[in-house]
2 protein chains.
Amino acid sequence: MKYKRSMRIILMTEHLLSKPNVNIPLTYFAERFGQAKSSISEDVQILKETFESNGIGLIKTSAGASGGVLFQPEVSVAEARLVIDSMCSMLSDKERLLPGGYLFMSDIVGNPSLMHDVGRLFATVYQHERIDAVVTIATKGITIANAVGYAMNCPVAVIRKDNKVTEGSTVSINYVSGSTRKIETMVLSKRTLKEGSNVLIVDDFLRAGGSINGVIHLMNEFKANVVGIGVLAEVKGIENRLIDNYVSLVAIEDIDEFRQQFTVDHGNYLTHLQANK
Amino acid sequence: MKYKRSMRIILMTEHLLSKPNVNIPLTYFAERFGQAKSSISEDVQILKETFESNGIGLIKTSAGASGGVLFQPEVSVAEARLVIDSMCSMLSDKERLLPGGYLFMSDIVGNPSLMHDVGRLFATVYQHERIDAVVTIATKGITIANAVGYAMNCPVAVIRKDNKVTEGSTVSINYVSGSTRKIETMVLSKRTLKEGSNVLIVDDFLRAGGSINGVIHLMNEFKANVVGIGVLAEVKGIENRLIDNYVSLVAIEDIDEFRQQFTVDHGNYLTHLQANK
């Protein structure tokens, strides 16, 4: 098959977008399209200009034998604001308020297209760090972690509250839940996380921080280094929060269960994004 | 900004790929690029030819006021074979065998790039049906469901084994686990699935079928119509399996715990795919 330039740039766009943060050797494209590397380099240049001037992400090229081309999704401040605004408006529905001051969020984490965007948002902030794995807690953190892991090209390790035969040998810790003050257990399969990994922790909801603090303790057992913490939503105005260094997309404030009221606003994400740029 | 054709087709490729199974009005592109609809239609034609002749997927166009362009990921038999082959070789590692004849699969479902491919595989088979939601069981089905839901533009509903305050009001059933014969509970939040939905059930591992049979019963409570069942791996040679109509990517056979042996082969996916074409 003869590949015209228009065809080549469509196929290269598809290949790079479907493999974010993966280095693709130029020879891969040269062989696939039966073209000289110099033509492929010109194609890459068109992609680079288009991606970077339109807020899709960065195209990084490296020379030499192991060289190639790599796509990093990168959202602009404007796009991040749109995604967070839409989450804020979804979350503002008063019907979401549950007993105990929790918010119903299963439909948010069960929205794969929104999670895809959330993955790109967190990748934009964290992909320049060396991160080996994204760690989360079952159940609602999993789709977030999967989306972040996809955008960053990292495996996902899922911590459970129970021990299952399908996990193989595990490491567990006990921790005190920040909200209920009950003692709970966290379990992580040994095989899902290499000792000494650099990890990004993600979760859906941050209140007192008991669960994430538990994850941090469990990470110590794996000699892992916690590089960052990202949450979809944080509750503001919590005294004695157990963790203080995190990135949140949305902030929930002034929860009044009696009046069925609360307010939803941006979290600290845009501040972190702008500091990164 | 002036958008040359090369730029437009890159940006249209990006937009369509990031929103599979979403109808994009031609006016969206016409306005974004400041071009006549006729030019946009020519761009779409280039995308269509390239996508369809290179196994990326289908580009469907519709005319009229609500008309537009829609991308459906569609894997070729050759690509599906490659993905399944690579899963087979990952799963063949004898170290995966766990007590009770289970296989360790957390790293497989924790591989977001592989899950992305798995999502496209199942979408290729099921996207032509009218499906309103992808339903799965916590924990290991979630990344699969999220990937399938993304490719098909469907929300994901996650069934849990426990009831949590964050789920709001729920519907639950009891079922007998096919493997352990124990009575267990399944819980689904009422708000995550509309009554009367057409659902696709996905899960990681199919043995006796007790869990999926439980899901089917729970779906009855939601008056849902089960359109299909997709699993990553099935164990072959199970007598009295509770379900018989499913699509599996991989089949595990001849598990011999004493000798630490088993064989891994293709499931029935390719047969279904070829029947579809």
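Two residues are said to be in contact when heavy atoms of the two lie within 4.5 Å of each other. The structure discussed here is a predicted model, and the report applies this definition first to its two chains.

**The interface**

By this criterion, 51 residues of chain B are in contact with 51 residues of chain A. The area buried between chain B and chain A is about 4,500 Å², and carbon and sulfur atoms contribute 65% of this area. Three residues, I10(B), P112(B) and R191(B), account for 14% of the area that chain B buries against chain A, which is more than any other three residues supply.

**Symmetry**

Two copies of a chain are related by a rotation about an axis and a shift along it. In this model, chain B is superposed on chain A by a rotation of 180° with 0.0 Å of shift along the axis, and the RMSD is 0.0 Å. This relation is therefore that of a two-fold axis. The same surface serves both copies, since 100% of the contact residues of chain B recur in chain A.

**Salt bridges**

Side chains of opposite charge can pair when their charged atoms come close. Over all chains, the whole structure holds 28 salt bridges, and 2 salt bridges are found across the interface of chain B and chain A. K140(B) pairs with E167(A), with 2.9 Å between the closest N and O atoms. Within chain A, K48(A) and E52(A) form a salt bridge with an N to O distance of 3.3 Å. Because K48(A) and E52(A) are 4 residues apart in helix α3 (residues 37–53) of chain A, about one helical turn separates them.

**The second largest pocket**

The second largest pocket contains about 890 Å³ of space. Its lining consists of 38 residues, and those nearest the centre are E14(A), S18(A), K19(A), D117(B) and R120(B). Helix α6 (residues 112–126) of chain B gives the largest share of this lining, with 5 residues. Sorted by class, the lining of the second largest pocket comprises 20 nonpolar, 10 polar and 8 charged residues.

**Backbone features**

Most residues other than glycine have a negative phi, and most peptide bonds are trans.

| Feature | Residues | Angle |
|---|---|---|
| Cis peptide bond | A138(A) and T139(A) | omega about 5° |
| Cis peptide bond | A138(B) and T139(B) | omega near 10° |
| Positive phi | N153(B) | phi near 60° |

T139(A) is located in the loop between β5 (133–137) and α7 (142–152) of chain A. T139(B) lies in the loop between β5 (133–137) and α7 (142–152) of chain B. N153(B), a residue other than glycine with a positive phi, belongs to the loop between α7 and β6 (156–159) of chain B.

Terms used. Residues are numbered from 1 along each chain as its sequence is written. Chains are lettered from A and ligands numbered from 1 in the order in which they are written. This is a predicted model: local features need pLDDT of at least 70, side-chain atom pairs count only at pLDDT 80 or more; totals for chains, interfaces and linings use all residues. Side-chain values use heavy atoms; hydrogens and water are left out. Copies are superposed by least squares on the C-alpha atoms of residues with pLDDT of at least 70 in both. On a 1 Å grid over the protein atoms alone, a cavity is a set of points where a 1.4 Å probe fits but cannot get out, and a pocket is an open set with protein on both sides within 12 Å along at least five of seven lines; lining residues have an atom within 4 Å of a point. Grid points are joined across faces, edges and corners, and a volume is the space filled by probe spheres set on the points. Helices (H or I, at least four residues) and strands (E, at least two) are DSSP runs, numbered from the N terminus. Ala, Val, Leu, Ile, Met, Phe, Trp, Tyr, Cys and Pro count as nonpolar, Asp, Glu, Lys and Arg as charged, and the others, Gly among them, as polar. Buried area is the accessible area (1.4 Å probe) that two parts lose on being put together, summed over both. A salt bridge is a side-chain nitrogen of Lys or Arg within 4 Å of a carboxyl oxygen of Asp or Glu.
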